[in-house]
Amino acid sequence: MRPMVGTHPVISGFHPDPSVCRVGEDYYLACSSFEYYPGVPVFHSRDLVHWTQIGNALDRPTQLRLPPDTASSGGLYAPTLRHHDGLFWLIVTNVSGDGNLIVTATDPAGPWSDPVFLPDVHGIDPDLAWDEDGTCWCTVAGVSQYRIDPKTGETLGPARKIWSGTPGALAPEAPHLHRIGAYWYLLIAEGGTERGHAVSIARGPAPDGPFEPCPANPVLTHRGTRHPVQNTGHADLVEAPDGTWWMVHLGVRARGGTPGWHVLGRETFLAPVTWEDGWPVVGEHIDGPHTAEPSRDDFDDTGLAPYWVSPRHRSPADCTTGERPGWLTLHARGASLDDTGVTFLGRRQQHLACRARALVDVAQGTGGLAVRLDERHHYAIEAGDGEVRVRARVGTLDPVVATRALPPGPVTLRVDVTPAPPGGPRTGPDTITLGTESPDGTFTELATLDGRYLSTEVAGGFTGRVIGTYAAHGTVHVDWFTYEPLE
């Protein structure tokens with residue numbers, strides 16, 4: 001049975017902080033990527049519901065510098081994507097390095113320019129807007145605003161506080177400034193990005209105000225409700241060619257008992273917007289796609305698909321499809337999956353139920369298939385040294401929970417994620433089963449683990465699960481990787 005309208009994202013998995021713009025009949029959207037490289041995924045759509053990733057805005061070391069000690073959930077926060085004067089403009093904060101920066105492109109699929117830095121703009125979640133005179137306004141969390149030259153990064157005056165959001169509300173952030181009709185509208189998130197998250201709005205006669213708040217604020221929140229989508233906030237607005245208005249925003253699908261665990265990260269949802277007395281009224285979410293084709297990568301191309309990411313950096317010398325034709329080759333520089341020197345290549349988990357498989361050759365090393373939330377929270381099925389083993393890293397604990405002899409030759413490793421059956425208040429959101437698969441498809445389970453320990457409510461942070469292959473020691477070759485939705 002199809003779920004009720006409004007329960008499914010339009011971009012599922014760890015794709016938070018959406019920012020959207022339209023050029024003609026085409027929509028483009030960018031999301032936060034935090035500690036992962038390449039940074040800031042960029043998507044394209046013709047209907048706001050079906051999205052295809054076309055690239056990453058920061059995909060070169062000259063654009064994105066994430067030090068080896070970048071903390072999980074550090075890195076790139078909350079981009080804004082806009083189209084102005086024939087160019088696409090993207091501004092984002094690198095909290096682990098260069099601060100606020102701007103890149104531009106004529107084609108949003110790339111290549112994007114090297115960054116222009118804004119050393120005197122202080123604050124995360126930067127927004128760009130241009131007024132009729134061509135003045136560029138940069139607004140940041142707080143909510144403070146600067147006049148800037150976006151081509152040089154120079155500020156053209158001091159910061160000015162323009163609105164504090166709802167009195168007493170936590171964390172006014174994620175500002176987006178839009179000229180709509182006679183007013184400038186300032187959209188913000190507040191309440192924190194957890195269960196109290198909300199979207200509020202104010203309007204004024206000019207981009208720098210003065211701003212009056214909407215009397216119906218917040219215009220979007222699910223706090224204190226039983227709605228299956230929670231943590232709703234961090235929104236952006238876009239007008240369709242037919243004159244209708246739409247809002248993209250983040251939300252989570254928490255599952256299990258109390259307090260509810262979300263494991264996919266914050267996802268992108270879509271809602272219609274109507275206008276009453278000059279204020280936006282946000283409707284129920286539009287249901288996103290429920291079907292998805294399995295994906296398979298045989299690593300036959302010289303480059304990698306844009307959905308592949310790695311923590312902090314991805315060295316071509318350590319992660320390549322050119323060394324052994326038709327195989328992905330991973331060279332380890334660390335000692336274990338929680339070491340920042342490990343070579344890991346993964347893709348976001350985008351479905352509440354899924355299966356991932358990989359055929360790996362560990363004749364020259366140790367590695368395998370992992371479900372990663374961060375360095376201190378991951379499950380892995382690892383092959384090497386004559387055995388296959390399941391590791392379960394949770395905080396300071398890192399036990400091997402199951403082993404079996406390694407069969408000769410390359411081995412197919414498999415991970416199944418399935419929703420937990422209904423239970424009491426202590427029931428987790430899902431289970432993660434790890435094992436091996438024989439050439440005839442027979443699955444040998446080594447361990448089934450509780451998925452709640454790979455959730456944001458346990459680990460903290462702002463990201464979601466990423467599933468992929470890794471090398472912990474020596475060299476690991478991967479013939480193919482498949483990801484299959486099971487919903």
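**Figure 1. Phe-34, a buried residue in a loop of the predicted model.** In this predicted model, Phe-34 has a relative accessible area of 2% and is therefore buried, since buried means under 20%. The residue is found in the loop between β2 (26-30) and β3 (36-37), and its phi is near 60 degrees, a positive value in a residue other than glycine. Phe-34 and Tyr-77 are 43 residues apart in sequence, yet their C-alpha atoms are 6.0 Å apart in space.

Figure 2. The unreviewed UniProt entry lists Asp-17 and Glu-173 for "active site". They span 157 residues in sequence, but no two of their C-alpha atoms are more than 11.0 Å apart, so they gather at one spot. Which segment holds Asp-17? Asp-17 is placed in the segment before β1 (19-23), whereas Glu-173 is found in strand β15, which covers residues 173-180.

**Figure 3. The surroundings of Asp-17.** With 5% relative accessibility, Asp-17 counts as buried. Leaving aside neighbours within four places in sequence, Asp-17 is in contact with a set of residues that includes Ala-30, Cys-31, Ser-32, Phe-34, Ala-78, His-234 and Arg-266. Most residues other than glycine have a negative phi.

**Figure 4. The surroundings of Glu-173.** Is Glu-173 buried or exposed? Its relative accessible area of 16% makes Glu-173 buried, because the limit for that word is under 20%. When residues up to four places away in sequence are not counted, Glu-173 touches Asp-125, Ala-141, Ile-188, Ala-189 and His-197.

**Figure 5. Two cis peptide bonds.** Most peptide bonds are trans. Here, however, a cis peptide bond joins Gly-110 and Pro-111, with omega at about 5 degrees, and Pro-111 is found in the loop between β8 (99-105) and β9 (116-117). A cis peptide bond also joins Gly-142 and Val-143, with omega at about 10 degrees; the place of Val-143 is in the loop between β11 (136-140) and β12 (144-149).

**Figure 6. Gly-395 in the loop between β31 and β32.** Gly-395 is found in the loop that runs between β31 (387-394) and β32 (400-405), and at 13% relative accessibility Gly-395 counts as buried. Leaving aside neighbours within four places in sequence, Gly-395 is in contact with Arg-376 and His-377. The C-alpha atoms of Gly-395 and Gly-409 are separated by 33 Å, although these residues are 14 residues apart along the chain.

**Figure 7. The chain around these close-up views.** The chain has 1 helix and 36 strands. Its radius of gyration is 23 Å, close to the 23 Å that the globule rule gives for 487 residues, so the chain is as compact as a globular protein of that length. Buried residues make up 58% of the 487 residues, and of the contacts with a separation of 6 or more, 57% are between residues 24 or more positions apart.

Conventions
Residues are numbered from 1 along each chain as its sequence is written. This is a predicted model: local features need pLDDT of at least 70, side-chain atom pairs count only at pLDDT 80 or more; totals for chains, interfaces and linings use all residues. Side-chain values use heavy atoms; hydrogens and water are left out. UniProt positions are given in the numbering used here, feature names are shortened, and annotations may be inferred rather than shown by experiment. Helices (H or I, at least four residues) and strands (E, at least two) are DSSP runs, numbered from the N terminus. Buried means under 20% relative accessible area, exposed over 50%, partly exposed in between (1.4 Å probe, protein chains only). Contact means heavy atoms within 4.5 Å. The radius of gyration is taken over C-alpha atoms; the globule rule is 2.2 Å times the number of residues to the power 0.38.
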